[in-house]
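Please keep the sequence and the coordinates at hand while reading.

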Amino acid sequence: MSVAVPTSVDGGLGGGGAVGAAGAGAAAASGAPDWLVWLLIGFTVLMLTWLIWRVGKRGGKRAPLTLAVVLLVGVGAVVLTRPAPETAAAVDRQAATAAQEAAARGKVAAGSEGMVGLSFDDGPSPEVTPAILRILRQQGVRATFFLQGTEVKKHPDLVRAIQRDGHVIGNHSYNHPDFSTLTYDQARQSIEWTNNLIERVTGERPTLFRYPFGNSNPETDRAVRDLGMWDVLWHWSEPGTGDFECPGWKEVERYAINQLADQAIILLHDGNDVIGCGEKQLKYLDRLIRTARQAGYDFGTIATADGPSHINQDSWVQVVAPE
Ligand SMILES: [Zn+2]
């Protein structure tokens with residue numbers, strides 16, 4: 001079993017944190033980005049050439065000073081290219097922990113980096129949901145959709161389409177309030193209304209709930225528990241620019257690839273804010289799926305768990321192979 005754990009993609013250890021799958025290795029092993037090292041080496045070579053030329057031509061009055069500068073830059077380059085012991089140790093620790101966790105779960109298949117779960121909030125919307133469903137169908141990926149009660153009411157056909165394609169359906173409140181400001185009763189009502197609507201359309205009552213904005217308070221947490229539901233947050237490895245901010249497909253792709261790690265739940269949207277982002281932004285999805293698969297990841301859906309998932313803000317959920 002290969003446990004070449006996602007160094008750059010998870011902790012941002014791999015300098016730059018760009019498309020980690022391919023270029024992580026070299027940069028992650030040393031303490032400095034590649035371009036800086038090459039710049040310093042180039043500078044040293046140039047200075048040495050110039051020094052030799054000067055000494056040869058005029059006897060080099062300022063040769064000692066120049067030599068000192070050259071040595072300093074040279075030493076700097078050597079120090080920077082050496083693997084930073086702390087970073088290397090952190091990567092090892094991370095790999096060991098991930099290996100233990102994977103072994104404990106026994107879910108990572110040979111040749112796989114593990115399982116990631118795509119999750120789409122705020123839908124369904126006629127503007128975005130059908131396009132997302134089409135891409136997921138073409139790629140054979142199952143995901144988890146957290147639906148808003150108001151939108152379920154308006155677009156029951158889309159809810160049925162989500163169900164027909166085998167995706168998991170969760171509850172994302174009735175009309176997207178900030179739950180940190182709600183009472184126990186208000187929270188309970190918002191969740192129950194939505195459960196009722198979803199059950200009426202699909203015949204199934206959701207067990208997964210996602211807080212709008214990820215916000216909650218102890219009273220709303222109690223309401224979620226009393227309803228026998230699990231709240232589901234997500235993996236957020238660095239301040240990325242999520243799709244709801246309309247940063248364009250390249251940025252969304254970059255953000256999502258940065259989240260790749262075994263058991264990571266990736267936060268995406270198919271309603272509300274992303275409706276205004278335009279269709280073009282959706283280009284990220286197909287590319288993300290291909291890149292993740294090339295890097296060895298499988299896609300799963302979200303299910304309840306017996307303990308906290310540290311990679312997903314300690315939500316008691318897991319990403320499992322689709323049924
Ligand atoms: Zn939302």
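## Loop residues with positive phi

In which loop is H176 found? H176 lies in the loop that runs between β3 (168-171) and α9, where helices (H or I, at least four residues) and strands (E, at least two) are DSSP runs numbered from the N terminus. This is a predicted model, in which local features need pLDDT of at least 70 and side-chain atom pairs count only at pLDDT 80 or more, while totals for chains, interfaces and linings use all residues. Residues are numbered from 1 along each chain as its sequence is written.

Phi of H176 is near 60°, a positive value in a residue other than glycine, and F213, with phi near 65°, is likewise a residue other than glycine with a positive value. Most residues other than glycine have a negative phi, and most peptide bonds are trans. F213 belongs to the loop between β4 (208-209) and α10. Burial is assigned by counting other C-beta atoms, placed from the backbone, within 10 Å of a residue's own: 20 or more make it buried, 12 or fewer exposed, and counts in between partly exposed.

## A cis peptide and a buried glycine

The peptide bond from G123 to P124 is cis, with omega near 0°, and P124 sits in the loop between β1 (114-121) and α6.

G242 occupies the loop between β5 (230-231) and α11 (249-258), and it is buried because 20 other C-beta atoms lie within 10 Å. Leaving aside residues up to four places away in sequence, G242 touches Y255 and L267, a contact being a pair whose C-beta atoms, placed from the backbone, lie within 7 Å. G242 and L267 are 25 residues apart in sequence, yet 7.8 Å apart in space, C-alpha to C-alpha.

## Helix packing

The axes of α9 (residues 184-202) and α10 (residues 218-226) come within 8 Å and cross at roughly 40°. Axes are lines fitted to C-alpha atoms, for helices over the stretch in contact, with angles from 0 to 180 degrees between N-to-C directions. The two helices α9 and α10 are therefore oblique to each other, given that angles under 35 degrees count as roughly parallel, over 145 as roughly antiparallel, 65 to 115 as roughly perpendicular and the rest as oblique. In their contact, Y184, A187, R188 and I191 of α9 meet E219, T220, R222, A223 and V224 of α10.

The axes of α6 (residues 129-139) and α12 (residues 283-294) come within 10 Å and cross at roughly 25°, which means that α6 is roughly parallel to α12. Here I132, I135 and Q139 from α6 meet L285, D286 and I289 from α12.

## Whole chain and confidence

The protein chain comprises twelve helices and eight strands, and of its 323 residues 39% count as buried. Among contacts with a separation of 6 or more, 73% join residues 24 or more positions apart.

The average pLDDT, the predictor's confidence in each residue from 0 to 100, is 81 for the chain, and 67% of the residues score at least 70. It stays under 50 over residues 1-31, for which the model has 73 contacts beyond four places in sequence, and under 50 again over residues 83-89, with eight such contacts. Where pLDDT is low, the predicted coordinates should not be read in detail.

Conventions. Two residues are in contact if their C-beta atoms, placed from the backbone, lie within 7 Å.
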